[in-house]
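Biologist: I have the sequence and the structure open. Can you take me through it?

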Amino acid sequence: MSLSNAVVLITGANRGLGRAFAEAALAAGAAKVYAAARDTASIDLPGVVPLRLDVTDPAQVAAAAAECRDVTVLINNAGILRGGSLLAPETLTAARAELETNFFGPWLLARAFAPVLAANGGGAVLNVLSALSWASLPGSATYSASKAAAWALSNGLRQELRAQGTQVTSLHVGYMDTDMVRGVAGPKASPADVARQALQGLAAGDFEVLADDISRQVKQSLSTARPAYAG
Ligand SMILES: NC(=O)c1ccc[n+]([C@@H]2O[C@H](COP(=O)([O-])OP(=O)(O)OC[C@H]3O[C@@H](n4cnc5c(N)ncnc54)[C@H](OP(=O)(O)O)[C@@H]3O)[C@@H](O)[C@H]2O)c1
């Protein structure tokens with residue numbers, strides 16, 4: 001799936017990895033990049049087409065699919081991390097919000113854009129997941145639950161969209177240097193590097209991209225006697 005002359009729509013494209021995706025898509029020769037964001041005034045990247053889109057709002061998702069009939073690559077990037085202790089009552093609210101954005105949002109987007117992608121020859125969907133699709137950390141188990149659900153969604157979409165020629169690629173990464181984990185110390189991947197690797201994997205037809213050492217180590221541990229998810 002070549003990015004050259006592709007028409008790419010990226011959710012949450014105003015900052016963080018989404019903005020890096022927009023830059024990388026333009027650099028890879030995309031014909032058009034829809035930079036979708038809840039607040040289009042926050043989009044500052046030249047050369048993109050701003051699009052108002054809250055991924056949790058079914059009416060806005062439907063409107064985006066009706067308006068952007070030329071999309072060939074959908075990047076489900078928008079995400080939130082709320083977290084909290086599983087033993088605290090308020091964490092239920094946080095978990096529901098994470099599922100709305102990280103699981104139901106990409107599902108709504110994929111469903112709405114499937115006919116658009118089919119009409120344009122198949123195209124591709126790239127889902128931004130995490131090393132935490134396969135493991136939990138204290139305080140962010142609800143985020144892991146949402147990213148594990150999104151992993152299952154990505155695998156299900158791959159099977160269901162194959163018939164119409166749509167490629168589905170999952171991106172897993174550990175910590176990246178964005179607002180989401182600003183308070184976390186330690187090594188973090190550069191969003192620009194992650195976006196570049198993900199688009200390279202997409203172009204190569206890969207079903208999965210592991211963009212950093214953390215995601216590679218976590219995946220490798222899954223078949224060991226003490227996998228990362230055992231804690
Ligand atoms: N940072 C990490 O360490 C890390 C690691 C693995 C995976 N990820 C994943 O990478 C993706 C990008 O995250 P990031 O690191 O770039 O985080 P970020 O800097 O916090 O950016 C999150 C983006 O998602 C958007 N967003 C949140 N809720 C939305 C909604 N309901 N509708 C539309 N857009 C919404 C935000 O828009 P607003 O500006 O309107 O809030 C923002 O553009 C997420 O899926 C995240 O889970 C991040």
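Modeller: Start with the ligand: helix α1 (residues 16–27) gives the most to the shell around it, with 3 residues. Helices (H or I, at least four residues) and strands (E, at least two) are DSSP runs, numbered from the N terminus. Residues are numbered from 1 along each chain as its sequence is written. This is a predicted model, so local features need pLDDT of at least 70 and side-chain atom pairs count only at pLDDT 80 or more, while totals for chains, interfaces and linings use all residues.

Biologist: Which residues come nearest to the ligand?

Modeller: Gly12, Gly16, Ala78, Gly79 and Thr178, out of 29 residues around the ligand. A residue is near a molecule or strand if its C-beta atom, placed from the backbone, lies within 6 Å of it.

Biologist: And the shell around the ligand by class?

Modeller: There are 12 nonpolar, 12 polar and 5 charged residues in that shell. Ala, Val, Leu, Ile, Met, Phe, Trp, Tyr, Cys and Pro count as nonpolar, Asp, Glu, Lys and Arg as charged, and the others, Gly among them, as polar.

Biologist: Back to α1. At what angle do α1 and α5 pack?

Modeller: About 55 degrees, with the axes of α1 and helix α5 (residues 191–204) 8 Å apart. That makes α1 oblique to α5; angles under 35 degrees count as roughly parallel, over 145 as roughly antiparallel, 65 to 115 as roughly perpendicular and the rest as oblique. Axes are lines fitted to C-alpha atoms, for helices over the stretch in contact, and angles run from 0 to 180 degrees between N-to-C directions.

Biologist: Which residues of α1 and α5 meet?

Modeller: On α1, Gly16, Leu17, Ala20, Phe21, Glu23, Ala24 and Ala25; on α5, Pro191, Ala192, Val194, Ala195, Arg196 and Leu199. Two residues are in contact if their C-beta atoms, placed from the backbone, lie within 7 Å. By class, this contact of α1 with α5 has 10 nonpolar, 1 polar and 2 charged residues.

Biologist: Switching to the sheet. What is the strand order?

Modeller: The order is β3-β2-β1-β4-β5-β6-β7, an open sheet of 7 strands with parallel pairing. β3 (49–52) and β7 (208–210) stand at the edges with a single partner strand each, so one side of each has no neighbour in the sheet. Two strands pair if DSSP finds at least two bridges between them.

Biologist: How many bridges join β6 and β7?

Modeller: Strand β6 (residues 167–172) pairs with β7 over 3 bridges, in the parallel sense. His172 stands opposite Leu210 in β7.

Biologist: What lies across β4 and β5?

Modeller: α3 lies across β4 (73–76) and β5 (124–128), and runs at about 180 degrees to β4.

Biologist: Which residues of α2 and α3 meet?

Modeller: Pro58, Val61, Ala62 and Ala65 in α2 meet Leu108, Leu109, Ala112, Phe113 and Val116 in α3. That contact of α2 with α3 has 9 nonpolar, no polar and no charged residues. The axes of helix α2 (residues 58–67) and helix α3 (residues 91–119) come within 9 Å and cross at roughly 20 degrees. α2 and α3 are therefore roughly parallel to each other.

Biologist: And how do α3 and α4 pack?

Modeller: At an angle of about 15 degrees, with the axes of α3 and helix α4 (residues 141–161) 9 Å apart. That makes α3 roughly parallel to α4. The residues of this contact of α3 with α4 divide into 15 nonpolar, 4 polar and 2 charged.
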